[in-house]
Amino acid sequence: MGEYRIAAGEYSALIVARGAALREVRHGDRLLTETWDVPEGEKPPLSAGLVLAPWPNRTADGKFTFDGVDHQLDITEKERNNANHGFVRTVEWNLHDATERSVTLGVPVGQHPGWPFDITLTVEYALDADGGLTVTHTAANTGDVRAPFALGQHTFIRAGDAEVDDCTLTLAADSTLPLDPERQLPQGEPVEVAGTDLDFRAERRLAGVWMDNPFTDLVVTDGRHRSRLTAPDGDSTELWTDRNFGWAQVFTADPDHGQGFPGRGRALAVEPMTAPPNALASGTDLIVLEPGQQWSGTWGLRTIAAHPVSTQVS
């Protein structure tokens, strides 16, 4: 199993070839993501760090229609009768390039039952001593027919060693998409978060909060959507995305809901997504790649110190 460690300044990251997974990001000895230790070849707990494509989240009954043709995907979430998270999270990605500060991996999605499209994916993980981690995804249609596409990444963020319940979350999202609690599929149109328990536009403590919700109408600040997990000491982990990621799935790993994160119990995922659950079927924010066309989207992680250390010489 290929693993690649990169570093720049105080930042370091570990990337795993299987699923192009982001295994950990650190600033000094402070973790910005959850990490894991599993036997070689096994999937990370709760799909942590994995790239989800050519669709993230769920497709109801594995069915969708594209350009007038009906397609039936294999059912991979059998208890809910959904096709879940695409094809590339369990395969080995190929190394394209590696330096001290960056690594680029790629993989052809391949054709599968219900998926007669040819798309090739690449992802570059790059560190900067000041800006932290930048993740750049590309998708190219290498076939001769139009292809549907969406992408996400199952990113668990962390504010050092602070417990999730002791942290606060700021989520720059004005709306959330209601889901059927049984199958986690969309149920109606997005609704405003104002006045609900899902309003995190102003920072709120996460003690006792459980979520598994897609958010949209993301607020743009300086050209980016920005969310922050802040520890009691005031230091924050910021996850930002460019405008190509118009959705974020926020999920709380929680032993009381049967899904604790190993070694941590409660943990928080803020997952950048280009489209909501069931986008293949609904068409909502679905990307359509013409033959030869390429798409690119970028997101990243950085630490924000409550009291930055001054380097000025008096």
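Mentor: Happy to! By class, eight charged, 10 polar and four nonpolar residues make up the lining of the largest pocket. Do keep in mind that this is a predicted model. The space in this pocket comes to about 480 Å³. Its lining counts 22 residues, and R58, E77, R80, D212 and Q259 are the closest to the centre.

In soluble globular proteins, nonpolar side chains tend to be buried together. Here the largest nonpolar core holds 70 residues, and L121, Y125 and F149 have the most contacts inside it. Strand β12, residues 119-128, gives the most to this core, with five residues. Another core, of 12 residues, lies apart from it and includes A21, F156, A253 and A269.

Across the whole structure, a search finds 10 aromatic pairs. In one of them, the ring centres of W115 and F117 are 4.9 Å apart and the planes meet at 75°; since an angle over 60 degrees counts as edge-to-face, this pair is edge-to-face. Both W115 and F117 are buried. These two rings also belong to a cluster, where ring pairs link them with W55, F64, F66 and F87.

Finally, look for charges over rings. The charged end of R224 sits over the ring of W240, 3.5 Å from its centre. R204, in turn, lies over the face of F200, at 4.1 Å from the ring centre.

Note on methods. Residues numbered from 1 in each chain as written. Predicted model: local features only at pLDDT ≥ 70, side-chain atom pairs only at ≥ 80, totals over all residues. Heavy atoms only, no water. 1 Å grid on protein atoms, 1.4 Å probe; cavity = no way out; pocket = protein on both sides within 12 Å on 5 of 7 lines; lining within 4 Å. Points joined across faces, edges and corners; volume = space filled by probe spheres on them. Nonpolar A, V, L, I, M, F, W, Y, C, P; charged D, E, K, R; others polar. Core = buried A, V, L, I, M, F, W, Y, C linked by side-chain atoms within 4.5 Å. Buried < 20%, exposed > 50% of the residue type's maximum accessible area, 1.4 Å probe, protein only. Helix = DSSP H or I, 4+ residues; strand = E, 2+ residues; numbered from the N terminus. Phe/Tyr/Trp six-rings, centres within 6.5 Å; stacked < 30°, edge-to-face > 60°. Lys NZ or Arg CZ within 6 Å of the ring centre and 35° of its normal.
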